[in-house]
Amino acid sequence: MNVKIENLTKVFPGRDRKSEGVTAVDEFTLDIPDGKLVCLLGPSGCGKSTLLYMISGLEHPTSGKIFFGEKDVTDIPPEKRGVGLVFQNYALYPHLTVRQIIKFPLENVKGEARLSKEDMEKRALEVAKLVQIDGLMDRKPGQMSGGQQQRVAIARALAKMPDVLLMDEPLSNLDARLRLHTREEIRRIQKETGITTIFVTHDQEEAMSISDMIVVMKDGILNQLGKPQEVYDDPVNLFVASFLGTPKINIFKGFVKNGGLYVGSDDKAEKILDVNGIDDRQVWIGIRPEGFEIAKDGKLTCSLKGVDVMGRDISVVCSHPADDEVIRAIISAENDVDRDAQTVRFNVKPHKTFIFDRETDERIRFS
Ligand code: ADP
Ligand code: MG
């Protein structure tokens, strides 16, 4: 089922007449293809949950429309939308067994769509197998680990064979190892079932690893939509460039003058690249950690603070007056770095270097 969102806006009213409302989701337009896993990614408070709840029907939009396939579902209640929901706080009924929990949504179906007792049992076992908890059917939530409980929650959401699966930070209550494992499981289940899935997370690494497409949002506004690698390699603005990637992209103050890109702001500024097609102006320069190359006569001179060994790579930690934060350059461990040196010099890779307008933070492309 493809999901289409058109100019979707949600304004929560202020507490009283004097206080302003909050625009949680702002004119969102998005087309989610059938059978894909799409992540809504952004910092806390950017409107991810609100957008997801509007898709589920739990929240009604202030304006705009939602389509499932050709059908306008904007005014259809949640139970009639054919969605499965998995929340961050998976509250499973403590006194029910796994079998009963999974069957619960099926028991609630009235009328013609109601399955027979045998078919309910069959279906429950089917989805339990899918999430690999079919050996735990008679346990209660208190007798299971967090990861197992979360799988029960996923099985329950899948039991009604939803057209669309919606997940709101489903892994945030799990410890680091289980989080990794469960996200691979979710990916596997999604691929096996082919259910269109919308997955909310604030964790860029999680989003990068799990999704077909990432929707990066900030303050209720869609900033960029694309395949994970595309968004990483080709960010549209400073926010997207900074939000994706660990270690973080390094941001320098700089300017463009006569076709040269300079780091710094005075006559001591260093020209690091030739850039064509950009008028003279003040910019932010973003350089990915993997965008540096150590060179004796390198164009960018930094103060060396330390070298972290990471096995295959090393992380050169340094500073520069044009960057307020510590700079991390990830380079191959085959490079010889003099750890006692005061300074380290780099050249930068053009395709790992991004230029942003100082005023608008928008990306400025160069050739
Ligand atoms: P996220 O899931 O990305 O953390 P939310 O969608 O929960 O963000 O919230 C987006 C914004 O809307 C926040 O500023 C939040 O405070 C506000 N908000 C969310 N729900 C309500 C509500 N029921 N009433 C008022 N404001 C809300
Ligand atoms: Mg949320």
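**View 1. Helices H2 and H4 pack together in this predicted model.** Helix H2 covers residues 98–107, and helix H4 covers residues 146–159. Their axes lie 8 Å apart, at an angle of about 30°. Angles under 35 degrees count as roughly parallel, so H2 is roughly parallel to H4. The crossing of H2 past H4 is right-handed.

**View 2. Residues from H2 and H4 make the contact.** H2 contributes Val98, Ile101, Ile102, Pro105 and Leu106. From H4 come Val152, Ala155, Arg156 and Ala159. What is the make-up of the contact of H2 with H4 by class? It has 8 nonpolar residues and 1 charged residue, with no polar ones.

**View 3. An open sheet is built from 4 strands.** The strand order is S2-S1-S4-S5, and the pairing is antiparallel. Which are the edge strands? They are strand S2 (22–32) and strand S5 (71–72). Each of these pairs on one side only.

**View 4. Strands S1 and S4 pair within the sheet.** Strand S1 takes in residues 3–12, and strand S4 takes in residues 63–68. They run in the antiparallel sense, and 5 bridges join them. One residue pair to look for is Thr9 with its bridge partner Ser63 in S4.

View 5. Of the strands it lies across, S2 is an edge strand, while S1 and S4 are the pair shown in the previous view.

Definitions and conventions: Residues numbered from 1 in each chain as written. Chains lettered and ligands numbered in written order. Predicted model: local features only at pLDDT ≥ 70, side-chain atom pairs only at ≥ 80, totals over all residues. Heavy atoms only, no water. Pairing = 2+ DSSP bridges. Helix = DSSP H or I, 4+ residues; strand = E, 2+ residues; numbered from the N terminus. Axes fitted to C-alpha atoms, helices over the stretch in contact; angles between N-to-C directions. Parallel < 35°, antiparallel > 145°, perpendicular 65-115°, else oblique. Left-handed = near helix turned anticlockwise from the far one by under 90°. Contact = heavy atoms within 4.5 Å. Nonpolar A, V, L, I, M, F, W, Y, C, P; charged D, E, K, R; others polar.
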